[in-house]
Amino acid sequence: MNGKISEILNTCGLSVFGFCRLEDAGELLNTRNARLIPKGAKSVITILFPYKIPVDDKRNLSLYCIGKDYHSIVMDRLSLVCDKLKCQFPDEEFAAFCDNSPIREVRAAYMSGLGFLGKNSLLINRRFGSYCFIGEIVCTLSFKEYGVPLGSCINCKACLNNCVGGALRNSGGEVYLLDRQNCLSAITQKKGELSQAEMALIKKGGLVWGCDKCSTVCPMNMGADDSDIEEFYIDPLPFLTRENVGQSSERAYGYKGEKILLRNLGIIYGENDNNNGK
């Protein structure tokens, strides 16, 4: 069965995937689409979607949102896989998830043997590093073979030492948590008024949306392969300006609206912008 599913995934252009038991993926998250999980679900097919593409170093957007909105790219592929799986296994049920998922994605990918756990809370794949989106297909199938966890990262603590907002905190032992209140990526997406400290962090980070610092300093990311998903190469937009901010509707940051983007542009480039991002 693993072989048949691998063949279907490969046919759909997906090269990095694994399998874990649903129970091993941890407690389900309380999301709106948790109701879509099939009754009697037993397994999770976890799939990585590497997104890093070659871009000029002069960029002011996080690497993950330079291309088209990943939500549609990932879900289109997952829906295609589900259709093929249903044809192959008509008596089984399949449900696809990405991002706003009831599945603890990093945990599922880790238990599927797809990478190491980084102290920055990201999964680090041997080939593509942490530059990957994670998609899941929850199904009623049982597999003879499941993934084997690979362990933790190399413990260099580069991500901890270079986090712009100091958002990575040790909660005891080898466990590190992300404090979203101090995470620069979360701050660039925040609505409402920003504090002087938050605005200073955005200016220091230099990105209008997101923050790649914990990934770019990670030695396990050095030499990470570029994406093998062709859709991420279509119409890249690495540098956001006031002139092209109107193209944001097809990007991962488009759902927040233009006002936050214009605010952040003003903070970084010293333009006279209102601090209110409502």
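I began with Tyr269 in this predicted model: at 38% relative accessibility, Tyr269 is partly exposed (between the cut-offs for buried, under 20% relative accessible area, and exposed, over 50%; 1.4 Å probe, protein chains only). Local features here need pLDDT of at least 70 and side-chain atom pairs 80 or more, while totals for chains, interfaces and linings use all residues. Residues are numbered from 1 along each chain as its sequence is written, and side-chain values use heavy atoms, without hydrogens and water.

Next I looked up aromatic pairs and found 12 in the structure. Rings of Phe, Tyr and Trp (its six-membered ring) pair if their centres lie within 6.5 Å; planes under 30 degrees apart are stacked, over 60 edge-to-face, the rest tilted.

I checked Trp209 and Tyr255: with centres 6.4 Å apart and planes at 85°, the pair is edge-to-face. I noted that Trp209 is buried at 1% relative accessible area, whereas Tyr255 is exposed at 58%.

Back at Tyr269, I found its ring centre 6.4 Å from that of Phe239, with the planes at 45°, so this pair is tilted. Phe239 sits in the loop between α7 and α8, and Tyr269 in helix α8, so the pair ties together parts 30 residues apart in sequence (helices are DSSP runs of H or I, at least four residues, numbered from the N terminus). Phe239 is partly exposed too, at 28%.

I also saw Lys58 over the face of Phe239, 5.8 Å from the ring centre (the criterion: NZ of Lys or CZ of Arg within 6 Å of the centre and within 35 degrees of the ring normal).

Last entry: Tyr51, Tyr64, Tyr70, Tyr131, Phe133 and Phe232 make up one aromatic cluster.

How values were computed: Helix = DSSP H or I, 4+ residues; strand = E, 2+ residues; numbered from the N terminus.
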